[in-house]
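Me: I have a structure to read and would like to go through it by question and answer. Please show it before we start.

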Amino acid sequence: MTARTPLIAGNWKMYKTETQAEEFIQALLPLLSSVDGVDVAICVPFTDLRAMVDSARGSRVEVYAQNCHHQPEGPFTGEVSAAMLGDVGAQGVVLGHSERREHFGETDKALALKVPAALAAGLTPILCVGESEEERESEQIQRKLRQQVKEDLAGVPDERLADVAIAYEPIWAIGTGKTATPEQAQEAISFIRALVGDRDVQAAERVRILYGGSVKAENAAEMLTLPDVDGALVGGASLQAGSFAEIIDAVAP
């Protein structure tokens, strides 16, 4: 098996002004001074990108955005391209989060364009996939994951598949306080890895698959030691430097 460096990414969603973001990064960096063997990212609002890139420079913290358009430029009012993100120093971008799918109508067809556009701009995409509570109860989990992984990665060449991080986020566990059991998480993430393996076996061994869904310090260690889990996409617990650092410590060797 190929060794995979864990990734802990904090998704701030629509929180933190630039001043609040600066306070956070100044509190976080000292807490990570002795951490090794884990990649760390904060996924911040567009307005915080430049400040966080500047403040995190030279540290182990990478700065990601939370969305991008698939075109490099054009008449798309209110949108930001992957090239623009790279130009301000962002190193990655979250794509396909369930909140964007639900509230903004983001489709698998759109993501099939966004993921390769992010890669082409030199960004690491974190592609979010996951089922709703209704789909889980009706035993449609594998059907939903197969559709999302297959369609969203359709435009990515086999040799670039491992450059995409995939975050399994059961929608019923996002912001609800509910968490998938270790058995549920491992089963779903193992299935996602097998779907990548249908395209390329080596890519399946190298691709990082994260768990997301009410991840906090209390449950992180249990989730992050599962054999197919390579880190976490953290929501609310990433808004406080202390709790975010505790999650990072849980996966650091």
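Me: Which helix gives the most residues to the lining of the largest pocket?
Reply: This is a predicted model, in which local features need pLDDT of at least 70 and side-chain atom pairs count only at pLDDT 80 or more, while totals for chains, interfaces and linings use all residues. Residues are numbered from 1 along each chain as its sequence is written, and side-chain values use heavy atoms, without hydrogens and water. On a 1 Å grid over the protein atoms alone, a pocket is an open set of points with protein on both sides within 12 Å along at least five of seven lines, and lining residues have an atom within 4 Å of a point. Helices here are DSSP runs of H or I with at least four residues, numbered from the N terminus, and the one that gives the most to this lining, with 4 residues, is α4 (residues 98-104).

Me: How much space lies in the largest pocket, and which residues are closest to its centre?
Reply: A volume is the space filled by probe spheres set on the grid points, which are joined across faces, edges and corners. For the largest pocket this comes to about 500 Å³. Of its 20 lining residues, the closest to the centre are Lys13, Met14, Gln66, Arg100 and Phe104.

Me: How do the residues of that lining divide by class?
Reply: Ala, Val, Leu, Ile, Met, Phe, Trp, Tyr, Cys and Pro count as nonpolar, Asp, Glu, Lys and Arg as charged, and the others, Gly among them, as polar. The lining of the largest pocket then divides into 9 nonpolar, 7 polar and 4 charged.

Me: Which residues lie nearest the centre of the second largest pocket?
Reply: The second largest pocket holds about 200 Å³ of space. Its lining has 5 nonpolar, 8 polar and 3 charged residues. Of these 16 residues, the ones nearest the centre are Gly175, Ser214, Val215, Gly235 and Gly236.

Me: Which elements give two or more residues to the lining of the largest cavity?
Reply: A cavity is a set of grid points where a 1.4 Å probe fits but cannot get out. The search finds 1 cavity of 30 Å³ or more. Its lining includes His97, Ser98, Cys128 and Glu169. The elements that give two or more residues are α4 and β5 (124-129).

Me: In what order do the strands of the barrel run?
Reply: Strands are DSSP runs of E with at least two residues, and two of them pair if DSSP finds at least two bridges between them. Strands of a sheet pair through backbone hydrogen bonds, either parallel or antiparallel. Here the pairing is parallel, and the closed barrel of 8 strands runs β1-β2-β3-β4-β5-β6-β7-β8.

Me: Which residue of β8 stands opposite Ile8?
Reply: Strand β1 (residues 7-11) runs parallel to β8 and is joined to it by 4 bridges. On another strand, β7 (residues 209-212), which pairs with β8 over 2 bridges, Tyr211 stands opposite Ala232. The residue of β8 opposite Ile8 is also Ala232.

Me: What is the relative accessible area of Met84?
Reply: Met84 sits in helix α3 (residues 82-87). Buried means under 20% relative accessible area, exposed over 50%, and partly exposed in between (1.4 Å probe, protein chains only). Met84 counts as partly exposed because its relative accessible area is 43%.
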